[in-house]
Amino acid sequence: MDTSTPPPSDSAPGHERHRTGEPLLSIAAVERETGLGKDTLRAWERRYGFPVPQRDAAGVRGYPPALVGRLVLIRRALLAGERPGRLLALPPERLDEVLDGIARRVPALVRGGPHAGAPVLDVEEAIVALRAGGAGALRHWLTLGLARTGLATFVVEGIAPLTMAVGAAWACGRIAVYEEHLYSEAVQAVLRSALLPFQAGLEARGPNVLLTTVPGEAHGLGLLMAEALLTLQACRCLSLGLQTPVADIVAAARAQRIDVVALSFSESLPAAQSLPALAELRSLLPADVTIWAGGASAALRGLRVAGIRVIAPLAEIGEAVADWRRDRSPSVD
C-alpha cells in the first residue's frame, strides 16, 4: 500500500486558495474548535496532504472555516472507530454518508447504553444540567453523583461510561464542541477536589506510578480517572500532565524511581503515532519499569509486547496493582 504523502494540487482538499473574506483560524483555534491536537493536524498534513493551511492577504497562515467544519465531521467519525487514512480521502458528500451511518449506530449509547437499569450518571441529565446552569450546574450535578456513589464507583461506573456517551452525543451532533469541553473541565474539577482528602492522608505503597500522555495525545480525562483509582489503591502518583516528550518521561522515571509509567491513549491519536511512541519508550526505560497503557484507542487492542500491560477496561487497574505487588513481594519459604 502506498503511504507516501501526495503532492499538493489545486484539486486536493485544503489546497484551494483562500478567496473569501472570512478570516483564517490559527492552528490553536482549530484545536479548540475540533478537539484535534496540533501534532495530529501536522502529522495528517505530512502523511495525507490534508489539512493544509492557507495564507490570507497579509501572508498569515491559517485555516478557513469551511475546512475546520470538515475537520469537525472527521473527528466525529474517528470517535466512532473510523480510520483517518480512509476518511481524509473522502469527498465531502461521501463523508456525509459515512457520518449518517455512524449516527444510526450510536443512539443507544447516547441514551446511556443498552444495559438494563438506570445508569449511575445519565447523559441526558448531564446535558440538561449543563444547558440549564452552565459549567457550575454540571459540577454540582456531578458532585451529587459522587456523594451518592463513592469515588471508585463514580469513576468506573459513572464517569467512564458517561464520557463515552458524551463523546457519542458529540459524534452525532447532539452537543457542541464547547459543551464537550465544558463537560471535560467540570469532570476534572470534581475529580481533583475529590482526590485531595485521599492524597493528604495517603500512606503510599508501591508501585510508584508516573502518569502522562505521549506527544500528540491531548486528552487527559482518562489519565485523571486512572490517577483516582490508583490513589484509592494507595499508590504514589506523579502526574506530568499531557504530551510529555519521550526523553522527559524516561528522565523523570529514573530521577523519581518510578515503577510504572501509566499512559492514556484516546481514539483520536492515530496508531501511527501511538505505537512508535510506545515502542520507543519501552526501549529507553529500564527493564524493571513497567508500562501500563489504557484508553479507548483501537491501537491497544491485541497489543502484546513484553513490559507493556494493556489495561482495559479501567476497572482492571486494581488487578494490575495487586499483580505488581504480588510479583514484587519477597518470597516466603
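**Overall composition**

The chain contains 13 helices and 7 strands, where helices (H or I, at least four residues) and strands (E, at least two) are DSSP runs numbered from the N terminus. Of its 333 residues, 45% are buried (under 20% relative accessible area, with a 1.4 Å probe and protein chains only). Among contacts (heavy atoms within 4.5 Å) between residues at least 6 apart in sequence, 70% join residues at least 24 apart.

**Model and confidence**

This is a predicted model, in which local features need pLDDT of at least 70 and side-chain atom pairs count only at pLDDT 80 or more, while totals for chains, interfaces and linings use all residues. Residues are numbered from 1 along each chain as its sequence is written, and side-chain values use heavy atoms, leaving out hydrogens and water.

The mean pLDDT (the predictor's confidence in each residue, from 0 to 100) is 81 for the chain, with 83% of residues at 70 or more. Residues 1-18 stay under 50, and residues 105-117 are also below 50. Where pLDDT is low, the predicted coordinates should not be read in detail.

**Packing of α9 and α10**

Helix α9 (residues 177-200) packs against helix α10 (residues 221-232) at an angle of about 20 degrees, with the axes 10 Å apart. The two helices are therefore roughly parallel (an angle under 35 degrees). Residues forming this contact include Tyr-183, Leu-191 and Phe-198 of α9, and Leu-224, Met-225 and Leu-232 of α10. The contact residues comprise 10 nonpolar, 4 polar and 2 charged (Ala, Val, Leu, Ile, Met, Phe, Trp, Tyr, Cys and Pro count as nonpolar, Asp, Glu, Lys and Arg as charged, and the others as polar).

Key: Axes are lines fitted to C-alpha atoms, for helices over the stretch in contact, and angles run from 0 to 180 degrees between N-to-C directions. Angles under 35 degrees count as roughly parallel, over 145 as roughly antiparallel, 65 to 115 as roughly perpendicular and the rest as oblique. Buried means under 20% relative accessible area, exposed over 50%, partly exposed in between (1.4 Å probe, protein chains only).
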